[in-house]
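Please look over the chain shown here.

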Amino acid sequence: MNNTINLLLAGVGGQGTILASRIIAYAAQCSGLTVKLSEIHGMAQRGGSVVTHLRMGDTIHSPLIEVGSADIILATEQLEAWRWLPYLRQGGKVIVNSQKISPVPVILGLKSYPLGILERLKENVPETFSLNALQLARESGNEKAANVVLLGLLASHMNFDRGCWQEALKAVLPAKILEANEKAFQRGYDFK
């Protein structure tokens with residue numbers, strides 16, 4: 001039986017995409033799964049695209065997800081969700097922050113930010129879950145925890161033990177920001 005979970009995380013540099021992937025990897029290992037991940041973050045410090053391939057299961061040979069085989073795409077920015085959509089398999093899910101961050105060509109006035117991305121995602125992927133993670137993170141006491149709000153929503157769609165998610169948050173995050181991140185995680189987990 002193949003129990004492999006292919007999860008692609010996409011975002012913009014500075015949004016905590018890599019940190020989020022480490023929390024997921026920890027929770028998966030706590031749940032008894034083998035984990036392999038691969039990060040791509042060339043110009044991340046300058047607002048560039050950041051992508052993590054995260055594969056979890058009994059036996060994983062390669063960290064890379066093939067086009068059309070991701071079970072879930074988790075995106076911290078809506079244009080990044082659209083950009084990586086070809087990696088999603090038929091019947092997969094998209095979890096996306098409604099936040100927009102303009103890429104350099106848009107900032108320079110050379111292009112326009114595409115309109116209607118969330119609507120197009122929902123037309124193409126029936127199981128698209130979008131939320132304003134930034135606002136929920138602010139309400140939790142730390143706007144930098146938007147990535148953790150998304151993890152909470154992701155956790156509500158996965159079968160990992162809830163205790164493993166809590167252990168992962170404690171293991172990966174500094175103690176001084178843990179409480180706000182636990183609140184942010186709960187906000188995402190409870191999101192309907």
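The points below cover the disulfide, then a residue in a strand, then a residue in a loop.

The model is predicted: local features need pLDDT of at least 70, side-chain atom pairs count only at pLDDT 80 or more, and totals for chains, interfaces and linings use all residues. Residues are numbered from 1 along each chain as its sequence is written, and side-chain values use heavy atoms, with hydrogens and water left out.

**Disulfide**
- A search of the whole structure finds 1 disulfide (a pair of cysteine sulfur atoms within 2.5 Å).
- Cys-30 and Cys-164 form a disulfide, with 2.1 Å between their sulfur atoms.
- This pair links distant parts of the chain, 134 residues apart: Cys-30 is in helix 1 (residues 17-30) and Cys-164 in helix 7 (residues 162-172).
- Helices (H or I, at least four residues) and strands (E, at least two) are DSSP runs, numbered from the N terminus.
- The disulfide of Cys-30 and Cys-164 is left-handed because the torsion about its S-S bond is about -70°.
- Cys-164 is buried, at 6% relative accessibility, while Cys-30 is partly exposed, at 31%.
- Buried means under 20% relative accessible area, exposed over 50%, and partly exposed in between (1.4 Å probe, protein chains only).

**Strand residue**
- Ser-38 belongs to strand 2 (residues 34-40) and is buried, with a relative accessible area of 18%.
- Beyond its neighbours within four places in sequence, Ser-38 is in contact (heavy atoms within 4.5 Å) with Val-51, Thr-52, His-53, Pro-63 and Leu-64.

**Loop residue**
- Leu-108 sits in the loop between helix 3 (104-107) and helix 4 (117-124), and is exposed at 58% relative accessibility.
- Leu-108 and Glu-139 are 31 residues apart along the chain, and their C-alpha atoms are separated by 32 Å.
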